[in-house]
Amino acid sequence: MKIQLGPSDILFPIPSALIVSGSFEKPNIITIAWIGIMGSLPPVVGISLKKSRYSLDSIRNAKEFTVNIPSADKFKEVDYCGIVSGRKRDKFIDINFTPLRSAKIDAPIIKECPFNMECVVIKEVELGEWVLFLGEIVETYVDEDKINISNKNKIDIAKVNPLVYCATVREYWELGNKLGDGFHAGKEILNKLKRENSSSVDE
Ligand SMILES: Cc1cc2nc3c(=O)[nH]c(=O)nc-3n(C[C@H](O)[C@H](O)[C@H](O)COP(=O)(O)O)c2cc1C
């Protein structure tokens with residue numbers, strides 16, 4: 001039996017990212033769970049902010065922001081940035097995080113987060129009390145020690161250990177084990193169907 005939940009914003013798991021806006025001298029951090037990649041060429045990320053957020057105006061005015069992906073061990077700092085406003089506090093100082101100069105925009109990235117993106121706002125969409133910003137990703141960074149040299153210089157997800165958030169239950173989690181490879185694991189099913197139906201299965 002399925003229980004109908006009605007219209008809802010439930011989706012899990014999702015990242016819990018730290019978005020930095022403002023200048024290098026006066027940056028602010030907001031925790032954002034409503035985030036996702038929306039396109040690849042050009043690479044575009046979408047973030048959604050409630051209109052009451054202090055960060056909204058600085059993103060609107062400067063038309064830029066950085067996305068910073070924290071490791072799971074930083075979940076308390078992430079939560080702090082999601083319950084305290086930059087109107088009242090300097091969150092960088094409060095959680096002892098370090099702003100680093102971005103290469104292409106004014107808003108800094110966060111040293112303590114292993115993966116970072118610089119983004120330029122290309123579109124703004126009002127969704128009731130929320131504003132969706134689409135940001136073109138103009139630069140990305142990963143910590144040197146999170147690269148797997150023996151595996152084609154791929155990002156080592158186990159070393160990044162990205163924080164996972166489950167909205168609706170409002171819980172922070174870590175990733176479990178790797179199960180398989182993307183664009184590959186499904187081939188076992190595809191090949192079995194191909195063997196059974198010989199010609200009628202399209203890739
Ligand atoms: C886990 C988590 C996820 C959040 N996700 C969002 C979000 O996607 N959009 C949003 O507007 N606020 C979100 N918030 C709330 C803001 O982070 C919070 O209101 C913050 O204090 C606003 O900071 P600011 O006033 O300095 O901009 C989230 C909070 C938490 C704890």
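Me: Why is N161 called partly exposed?

Reply: N161 has a relative accessible area of 22%. Buried means under 20%, exposed means over 50%, and partly exposed is what falls in between, with a 1.4 Å probe and protein chains only as cover. The value of 22% therefore makes N161 partly exposed. This is a predicted model, in which local features need pLDDT of at least 70 and side-chain atom pairs count only at pLDDT 80 or more, while totals for chains, interfaces and linings use all residues. Residues are numbered from 1 along each chain as its sequence is written, and side-chain values use heavy atoms, with hydrogens and water left out.

Me: Where is N161, and what is its phi?

Reply: N161 is in the loop between helix 4 (157–160) and strand 13 (164–166). Helices (H or I, at least four residues) and strands (E, at least two) are DSSP runs, numbered from the N terminus. Phi of N161 is near 45°, which is positive, and the residue is not a glycine. Most residues other than glycine have a negative phi.

Me: Which value makes K152 count as exposed?

Reply: The relative accessibility of K152 is 72%, so K152 is on the exposed side of the 50% cut-off. K152 sits in the loop between strand 11 (147–148) and strand 12 (154–155). It is not a glycine, yet has a positive phi of about 55°.

Me: Why is S48 called buried?

Reply: S48 has a relative accessible area of 11%, and this is under 20%, so S48 is buried. S48 belongs to strand 5. Leaving out residues up to four places away in sequence, S48 touches I32, W34, L127, W130, V131 and L132; contact means heavy atoms within 4.5 Å.

Me: What makes strand 5 and strand 10 a pair?

Reply: Two strands pair if DSSP finds at least two bridges between them. Strand 5 (residues 43–50) and strand 10 (residues 130–142) have seven bridges, in the antiparallel sense, and therefore they meet that definition. V44 stands opposite E136 in strand 10.

Me: What is the order of the seven strands in the open sheet, and which are the edge strands?

Reply: The order is 3-2-6-9-10-5-4, with antiparallel pairing. The edge strands are strand 3 (27–32) and strand 4 (35–40), because each pairs on one side only. From one strand to the next the twist averages 35°. Axes are lines fitted to C-alpha atoms, for helices over the stretch in contact, and angles run from 0 to 180 degrees between N-to-C directions. Helix 2 (residues 75–83) packs on the sheet, where it touches strand 2 (17–22) and strand 3. The direction of helix 2 makes about 100° with that of strand 3.

Me: Why does L5 count as exposed?

Reply: L5 has 65% relative accessibility, which is over 50%, so L5 is exposed. L5 is in the segment before strand 1 (14–15).
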